[in-house]
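Me: I'd like to learn how to read a few features of a structure, one at a time. Can we start with charged pairs and go on from there?

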Amino acid sequence: MEKRTGAAQRTKKAQRPQKRSSASRIMIIFGAIIAVMIVGVGCGFLTATLNTKADLADIRPPASSQIYDINGNEIANVHADENRVPVKMTQIPENLKNAFVAVEDVRFYEHSGVDFRGIMRAMWANISRQGVSEGGSTITQQLAKNAYLTQDRTFKRKIQEMFLALQLEHQYTKEEILELYLNQIYFGQGAYGVQAAAKTYFGKDVEQLDLSECAMLAGIPKSPNYYSPMNNLQAAKERRSTVLDQMAKYGYISSSTANKTKNEELRLVKSTAKTGEASYFVDYVIQTMIEKYGSDAVYKEGLKIYTTLDMDMQRAAEEAMKNLPDLSEANGIKQPQGALVAIDPHNGQIKAMVGGRGTDMFNRAVLAERQPGSAFKPFVFAAALENNYTPSSVIDDKPININGWEPQNYDRSFNGRVTLRYVAEQSLNVPTVVVAQDVGIDKIIYLGREMGISTFVTDGTQNDGNLSTALGGLTRGVTPLELTSAYCTFANNGVHVNHTAIVKVLDRNGKVLEDNAPESKQVLKKATANELTSMLMGVMVRGTGAGANIGRPSAGKTGTTSDYHDAWFVGYVPDLVVGVWVGTDDNQRMGTMTGGTTPASIWKAFMTKAITTMPSKNFDGAYLTSVEAPTSEERVDKDGNLIDKNGKLILDKDGKPIKGSKYSKDNNKPTEANNNANNSVNNANNTRSNGNGAPNNKPSAAAPAANAPSAPTPGAGGKKANQ
């Protein structure tokens, strides 16, 4: 387990009393918690004792859980049958035993079922961090919880867990407890126990697992959905590295062995195809419930789960996704793959979800973190509108140099003085960067987080605190679910409602376990949301998203990465927001597919059917207006030569290209927004957020490095590749 460092020493004498006061408060809180815990242990002793059995047997019969759509129709029955093949301790490799001990309970062989030292350490860490950052459950406690108790997160259940753990330690040896645990624990994909997991993921018996495979399996139970290599191979590999590091830290393997093993490829069993309607959505619901209540609750305790799914929309989504072309294969799976998510912006309810072609188990709608390209630009525009820009604000589209980085529009030309509305409609890169520099990239990231995007990276040498983020060059990317949910803020007058797939959950006795009410927050001013929607309405009519026009009020944005790995269309009508992503699992180029082609056509095909019962209505306060074209017919190409509106060179009387001096004369007429942008570029200032939305000025971040994995290729984007 990681060693925790204390707070840095304060050197000024004036600060010392404050330090003692802060430490005293923490100790008082810590002492109060210990006292409550002791009292709770005493009060809970009788209850805990009454809930334990001499033979520790579970007498409750298992029951299947049912999943229902928004109209109360059953869409899935989650069977209680288990994929479990118990094995003896002698069959389990030492590496697998050691991996679990190292990552789950390093003092397993020292404590008596409850690691009070570990509990104290975890409590101190959680108090210091003002949140839950560590847990103190031992392997024995986890066995007690998984085998004999519900997954209720209550103090009573925790006390019961502790007493059961002590009883287990009294009744069984350490080796027997570890054997029970390794045969009991859930590994995702319906696999219980290490033997079933070995067969499910690697197609071999547990005794045949090598070190890499042992480390992989030991990392899964922390979050069987997220860390399953069938669902999220990259996350599974990162978790494997954590397990290997822990094994090296506690002397089970050497550091050199750990580093070597991290680079070994995994030979996984090919995942089976999804079957049945709404299979990706059903899987998402099951995994959400497992994360919250545990696998036994879902597979054994007969939950009734009422969801937000609209089956008519779901069928329309699955039909629309049949429009994916067949370009290639990767690991036997047709490419490109795609994802579609539909959300009601007013309550956050997920109405439809497709996570792929249905030929594998990877739910790309929820788990695929992909580069959004220009589909990210609306967050730049939203920050600008919050910062006193208007759709008519004028920005110079001309060559700029930011610490050696020279962003380009796709066609390597420049348009002169353009409005923010025109920038949005034609998806121009250079003015977007100018605006982002003026507003501050941290303000943009702050708003994105407030709208539900959780994948921003703000620490480390490679992070999103640079201007390439404005063009959708994120370090990790974003999932279709989170990007679609964020766009809901624009459609809902600036109010963000957390997305959800669950309406209500009942236990087998009809007791309500949860009854979800939407959690909402005003993130943008209503005027900002309306102005942005107005701009994105123009994208649908005369901009890069014209191919998605459905003949009724709608707004949206295209996005395509410069290497044609990812293509997006995210759009909305007043009561429904839909995001479509198309891309290849192996990051191969998709020809010249853009967000305005295949994703836009899938979006249009879905919307045409999904909204047939919705009355056509206007947005509340957002209207389509005319667009101001560039103020000069002459533009400048990448070499600084003047070109006309048709892209042809303008020549002097001797037939030589005219340089951009005329551009400077005609197109640098000052406006307030233009002066702000120019000052930002010339002074290389990057306005940043201090964490609560208030800006403060700091030096501009360095231009993205050429080899940065998520930074867009200089010159990428514009009307084609980043539209």
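Reply: Start with R542 and E425, whose side chains meet in a salt bridge at 2.9 Å, N to O. That pair links distant parts of the chain, with R542 in helix α20 (residues 526-542) and E425 in helix α16 (residues 420-426), 117 residues apart. Keep in mind that this is a predicted model.

Me: What is the general idea behind such a pair?

Reply: Side chains of opposite charge can pair when their charged atoms come close. In this structure the count comes to 23 salt bridges.

Me: Are R542 and E425 buried or partly exposed?

Reply: One of each. R542 is partly exposed, with a relative accessible area of 30%. E425 counts as buried, because its relative accessibility is 1% and the cut-off for buried is under 20%.

Me: Which residue meets R315 in a salt bridge?

Reply: E277 does, at 2.9 Å, N to O. Here R315 sits in helix α13 (residues 311-320) and E277 in the loop between α10 (255-262) and α11, 38 residues apart. R315 has 40% relative accessible area and is partly exposed; E277, at 41%, is partly exposed too. There is also a network of salt bridges, which links R107, E110 and D115.

Me: Let's move on to empty space. How do I look for it?

Reply: Rolling a probe the size of a water molecule over the atoms shows where empty space is left. A search of this whole structure finds two cavities of 30 Å³ or more.

Me: Which helix gives the most to the lining of the largest cavity?

Reply: α11, with three residues. Both α11 (279-293) and α14 (364-367) supply at least two residues of that lining. Among the lining residues are D283, Y284 and Q287, along with N225 and N363. By class, three are nonpolar, three polar and one charged.

Me: What lines the second largest cavity?

Reply: R552, V573, P574, D575, M614, P615, S616 and K617. This cavity holds about 30 Å³ of space, and its lining has four nonpolar, one polar and three charged residues. K617 lies in the loop between α21 and β19 (635-636) and D575 in the loop between β17 and β18, so the pair ties together parts that are 42 residues apart in sequence. K617 is partly exposed at 38% relative accessibility, and D575 is partly exposed at 23%.

Me: Now the backbone. Which residues does the cis peptide bond join?

Reply: Q335 and P336, with omega at about 0°. P336 lies in the loop between β7 (333-335) and β8 (337-343).

Me: Where is Y564 found, and is Y564 buried or exposed?

Reply: Y564 is in the loop between β16 (555-560) and β17 (566-573). Its phi is near 60°, a positive value in a residue other than glycine. Y564 is buried, with 6% relative accessible area. N587 also has a positive phi, near 60°, but N587 is partly exposed at 39%.

Me: Last one: how many bridges join β13 to β14?

Reply: Three, and strands β13 (residues 502-506) and β14 (residues 512-515) run antiparallel. They form a hairpin with five residues between them, and G510 in the turn has a positive phi of about 90°. L506 stands opposite V512 in β14.

Technical notes. Residues are numbered from 1 along each chain as its sequence is written. This is a predicted model: local features need pLDDT of at least 70, side-chain atom pairs count only at pLDDT 80 or more; totals for chains, interfaces and linings use all residues. Side-chain values use heavy atoms; hydrogens and water are left out. Two strands pair if DSSP finds at least two bridges between them. Helices (H or I, at least four residues) and strands (E, at least two) are DSSP runs, numbered from the N terminus. On a 1 Å grid over the protein atoms alone, a cavity is a set of points where a 1.4 Å probe fits but cannot get out, and a pocket is an open set with protein on both sides within 12 Å along at least five of seven lines; lining residues have an atom within 4 Å of a point. Grid points are joined across faces, edges and corners, and a volume is the space filled by probe spheres set on the points. Ala, Val, Leu, Ile, Met, Phe, Trp, Tyr, Cys and Pro count as nonpolar, Asp, Glu, Lys and Arg as charged, and the others, Gly among them, as polar. Buried means under 20% relative accessible area, exposed over 50%, partly exposed in between (1.4 Å probe, protein chains only). A salt bridge is a side-chain nitrogen of Lys or Arg within 4 Å of a carboxyl oxygen of Asp or Glu.
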